[in-house]
Amino acid sequence: IAANDAAASIITASKPVTLQFSGHSFFHRNSVSSTATIHFDAASNALVIAEGGTVKSRPDPGRGERIGPCVYTGMSTVLSASRNLAGSLTTQRDERGVQYYTFSVPCDPRGTVVSWAMHDERGTALRAARDILRHHKPWLAAKTAEMNRQLNEEIPWLRCPDEKFVDIYYYLWALHMMYYIDVGR
């Protein structure tokens with residue numbers, strides 16, 4: 001996950017294979033409807049999902065169920081890859097309005113990078129998904145360096161005769177770091 005909040009998977013294969021990805025717009029057990037739309041942006045080689053819909057909730061304990069907008073309404077989800085999606089991309093909309101997609105990309109020793117980004121602004125999500133594809137190597141190196149710095153400089157070293165306690169100690173630090181927010185200070 002890069003500093004621009006985009007996520008990337010860098011995948012390599014010792015021999016040529018085809019990777020297939022399938023998914024859908026946001027819809028879960030409490031969803032009522034979906035107004036999501038799906039679009040392939042050929043110039044960016046990116047699948048863009050404009051999320052939307054309604055969901056059941058019970059915001060006030062002891063009160064009835066209410067239907068309101070999905071938390072992601074108006075947001076854009078973008079998927080892209082370092083290899084062309086256009087030739088294999090299929091999309092479909094079901095009776096609830098959920099948008100489904102499937103695409104395949106080749107992978108070999110050169111590798112394939114697949115990216116995901118989400119943002120309130122379509123253009124920002126699109127840029128983030130494309131930027132991580134272009135800069136994945138230096139951004140991964142920077143992320144690795146920063147994580148190594150944190151692990152080596154900010155987490156007190158612990159050694160104990162019972163390895164179980166060492167594992168617990170570092171597991172708790174890992175939990176802490178997963179919820180850590182960089183506030184810039």
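**View 1. Cys70 and Cys107, two buried cysteines.** Cys70 counts as buried because its relative accessibility is 9%, where buried means under 20% relative accessible area with a 1.4 Å probe and protein chains only. Cys107 likewise counts as buried, at 2% relative accessibility. A search of the whole structure for disulfides, each a pair of cysteine sulfur atoms within 2.5 Å, finds 0. This is a predicted model in which local features need pLDDT of at least 70 and side-chain atom pairs count only at pLDDT 80 or more, while totals for chains, interfaces and linings use all residues. Residues are numbered from 1 along each chain as its sequence is written, and side-chain values use heavy atoms, with hydrogens and water left out.

**View 2. An open sheet of 3 strands.** The strands, which are DSSP runs of E with at least two residues, numbered from the N terminus, follow the order β2-β10-β9 with antiparallel pairing, and two strands pair if DSSP finds at least two bridges between them. At the edges lie β2 (17-24) and β9 (90-93), each of which pairs on one side only.

**View 3. The pairing of β9 with β10.** Strand β10, residues 99-107, pairs with β9 in the antiparallel sense over 4 bridges. Thr91 has Tyr101 in β10 as its bridge partner.

View 4. Helix α3, a DSSP run of H or I with at least four residues, covers residues 163-178 and, with 16 residues, reaches 23 Å from its first C-alpha to its last. This is close to the 22 Å expected at 1.5 Å a residue, the expected span being 1.5 Å times one less than the number of residues. At the start of α3, a side-chain oxygen of Asp162 comes to within 3.0 Å of the backbone nitrogen of Lys164.

Notes
Buried < 20%, exposed > 50% of the residue type's maximum accessible area, 1.4 Å probe, protein only. Polar contact = N/O pair within 3.5 Å; in protein donor to acceptor, adjacent residues only side chain to side chain.
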